[in-house]
Amino acid sequence: MAIMPGKSPYPSSQTFQPILERIATEIAQTPGRGRPADYIPALAACDPRRFGMAVAELDGTVYGVGDWRQPFSTQSITKVFTLALDLAREGDALWEHVGREPSGNPFNSLVQLEYENGIPRNPFINAGALVVTDRLQTRTGDAAGVLLEFLRAESGNAELTFDRDIAASETANGDRNAALGHFMASYGNIDNPVPDLLDQYFLQCSIAASCADLALATGFLARHGIRADGGRLLSRSQAKQINAIMLTCGTYDAAGDFAYRVGLPGKSGVGGGIIAVVPGRCTLCVWSPGLDERGNSVAGVAALDRFTTLTGLSVF
């Protein structure tokens, strides 16, 4: 792992483990943990009381608590990595096809696409993620495969793989995503056949990974674009751009509340995971399957709120 120079003004990272243990104890005592994503049948049976949390330092040292080694369905968290992989390949040309503004609508909404001529508001709503996956597919011929190899390399876990049952479940219940894809294709904003694109997209979302895996894999955003092996994936400016979009758009139409409570760039997924970035310092991943009405982990947001409160690690 690459090590960033300089000393942090914050307390020693040795405080992370007792802080995580304190957070886990508090979360365990919290009633009302939300409900799993029952519109994806393969996720509906997840126990909302499960909880894991990991913090990864820039050198690859990881601290964890609870179910932090338990793989779970990453879902929309993968949109961050697909965005980074495509932005690294095509640069600012990407932004001609997808915006950078909060949507203010549910993540699978069709409403804005018609009056904005098939250009999604941002890369993290489903329409925007479909565009990014489509563009990565055009450039690589295997967007989901390229993503998987990237996550394996950054996490150091060669066992990461697709969950074919989850992908099949999403395919069987993917009419809304198909509608989004076809609608954008009608505006010329999709290059590949929509059924092929959906296969790639559902595979992407089905990747199973743990809090430890995802905290490590997100490290390049805390290292300002530098990968785990010391190579550069993104320019410092591009890493800043992705962190900014995570802060403003990463938790669906609850991004303002997440920024208010947590104060970090973050990206959630309906599998119950959330990744977060403290630029220049560390990355986090928390998992608990119970979701609020906007699709974010109830315990996950609460845990990140406590982390930034207890450590003072925030972008504000």
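In what order do the strands of the open sheet of three strands stand? The order is E3-E5-E4, with antiparallel pairing. This is a predicted model, in which local features need pLDDT of at least 70 and side-chain atom pairs count only at pLDDT 80 or more, while totals for chains, interfaces and linings use all residues. Residues are numbered from 1 along each chain as its sequence is written, and side-chain values use heavy atoms, with hydrogens and water left out. Helices (H or I, at least four residues) and strands (E, at least two) are DSSP runs numbered from the N terminus.

- E4 and strand E5 (residues 207-209) run antiparallel and are joined by two bridges; strands count as paired if DSSP finds at least two bridges between them.
- Thr161 stands opposite Ala208 in E5.

**Helix H9**

- Helix H9 (residues 194-206) has 13 residues and reaches 18 Å from its first C-alpha to its last, close to the 18 Å expected (1.5 Å times one less than the number of residues).
- Ten of the 13 residues of H9 are buried, where buried means under 20% relative accessible area, exposed over 50% and partly exposed in between (1.4 Å probe, protein chains only).
- Among the buried residues are Val194, Phe202, Leu203 and Cys205.

**Helix packing**

- Helix H5 (residues 126-140) packs against H9 at an angle of about 110 degrees, with the axes 10 Å apart; axes are lines fitted to C-alpha atoms, for helices over the stretch in contact, and angles run from 0 to 180 degrees between N-to-C directions.
- H5 and H9 are therefore roughly perpendicular to each other (65 to 115 degrees; under 35 counts as roughly parallel, over 145 as roughly antiparallel and the rest as oblique).
- Asn126, Ala129, Leu130, Thr133, Asp134 and Gln137 in H5 meet Leu197, Leu198, Gln200, Tyr201 and Gln204 in H9, contact meaning heavy atoms within 4.5 Å.
- Helix H3 (residues 78-90) and helix H6 (residues 143-155) pack at about 105 degrees, with their axes 10 Å apart, which makes H3 roughly perpendicular to H6.
- From H3, Thr78, Phe81, Thr82, Leu85 and Arg89 meet Val146, Leu147, Phe150 and Leu151 of H6.

**Gly66**

- Gly66 lies in strand E2 (residues 62-66) and is exposed, with a relative accessible area of 53%.
- Leaving aside residues up to four places away in sequence, Gly66 touches Phe51 and Gly52.
- The C-alpha atoms of Gly66 and Ala24 are separated by 7.1 Å, although the two residues are 42 residues apart along the chain.
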